[in-house]
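Hi everyone, thanks for coming. Please have a look at the sequence and the structure on the screen, and then we'll walk through some of the contacts together.

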Amino acid sequence: MAWSVSYYSEKVRNRVFALPAGILADYLRIVELLQEHGADLGMPHSRALGGGLFELRAKGREGIGRVLYCTAIGKTVIVLHSFVKKTQATPQDELRTARKRMKEVKRHG
């Protein structure tokens, strides 16, 4: 069975699809791999951030994008947050947002 991708909210979905064109194209390519092979693709496409949180690592000529996600019951990936990276390390504010949303998903899922 293939994996499915859901979004935490319509706002999160809109934000992902508003990523710069090159980054969005790479994200869509990686999501196809994720749907086919599962949530833990591994480097260079995805990386575990700990505690059940993962990042998709999309790149484009505009820069580097990150889409943070977790898994839900069954073969479902929940996209929690996205942003364009401006520094080497993932900003703590971005991680806090994703972890807070992940707790909500796990509590209600």
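How many salt bridges does a search of the whole structure find? The search finds five. Before I go through some of them, please keep in mind that what you see is a predicted model.

Let's start in helix 2, which covers residues 21-37. Here the side chains of R29 and D26 form a salt bridge, with 2.6 Å from N to O. Why are these two separated by about one helical turn? Because R29 and D26 are three residues apart in helix 2. Now look at how open each partner is. R29 has a relative accessible area of 41%, so this residue is partly exposed. D26 has 13%, and since buried means under 20%, D26 counts as buried.

Next, please find E55. One of its partners is R47, and the closest N and O atoms of that salt bridge are 3.0 Å apart. R47 is partly exposed, at 36% relative accessible area, whereas E55 is buried, at 0%.

E55 also meets R66 in a salt bridge, this time at 3.3 Å from N to O. E55 belongs to strand 3 and R66 to strand 4, so the pair ties together parts that are eleven residues apart in sequence. Are E55 and R66 buried or exposed? Both are buried.

Which residues are linked in a network of salt bridges? They are R47, E55, R57 and R66.

Let's turn to the rings. The ring centres of F54 and Y69 are 5.4 Å apart and the planes are at 15°. Planes under 30 degrees apart count as stacked, so this pair is stacked. F54 sits in strand 3, residues 53-60, and Y69 sits in strand 4, residues 63-72. The two are 15 residues apart, and the pair links distant parts of the chain. F54 counts as buried, with a relative accessibility of 14%. Y69 is buried too, with a relative accessible area of 0%.

The charged end of R13 sits over the ring of F17, at 4.6 Å from the ring's centre.

Finally, the strands. Where does strand 5 lie, and why do we call it largely enclosed by the rest of the structure? Strand 5 covers residues 76-85, and nine of its ten residues are buried, so the rest of the structure largely encloses it.

Strand 5 pairs with strand 1, residues 4-7, and these two run parallel, joined by four bridges. If you want a place to start looking, S4 stands opposite T76 in strand 5. Strand 5 also pairs with strand 4, over nine bridges and in the antiparallel sense. There, I64 stands opposite K85 in strand 5.

One last stop is the hairpin of strand 4 and strand 5. How many residues lie between these strands? There are three, and in this hairpin G74 takes a positive phi near 80°.

That's my tour, and I'm happy to go back to any residue you'd like to see again.

Note on methods: Residues numbered from 1 in each chain as written. Predicted model: local features only at pLDDT ≥ 70, side-chain atom pairs only at ≥ 80, totals over all residues. Heavy atoms only, no water. Phe/Tyr/Trp six-rings, centres within 6.5 Å; stacked < 30°, edge-to-face > 60°. Buried < 20%, exposed > 50% of the residue type's maximum accessible area, 1.4 Å probe, protein only. Lys NZ or Arg CZ within 6 Å of the ring centre and 35° of its normal. Salt bridge = Lys/Arg side-chain N within 4 Å of Asp/Glu carboxyl O. Pairing = 2+ DSSP bridges.
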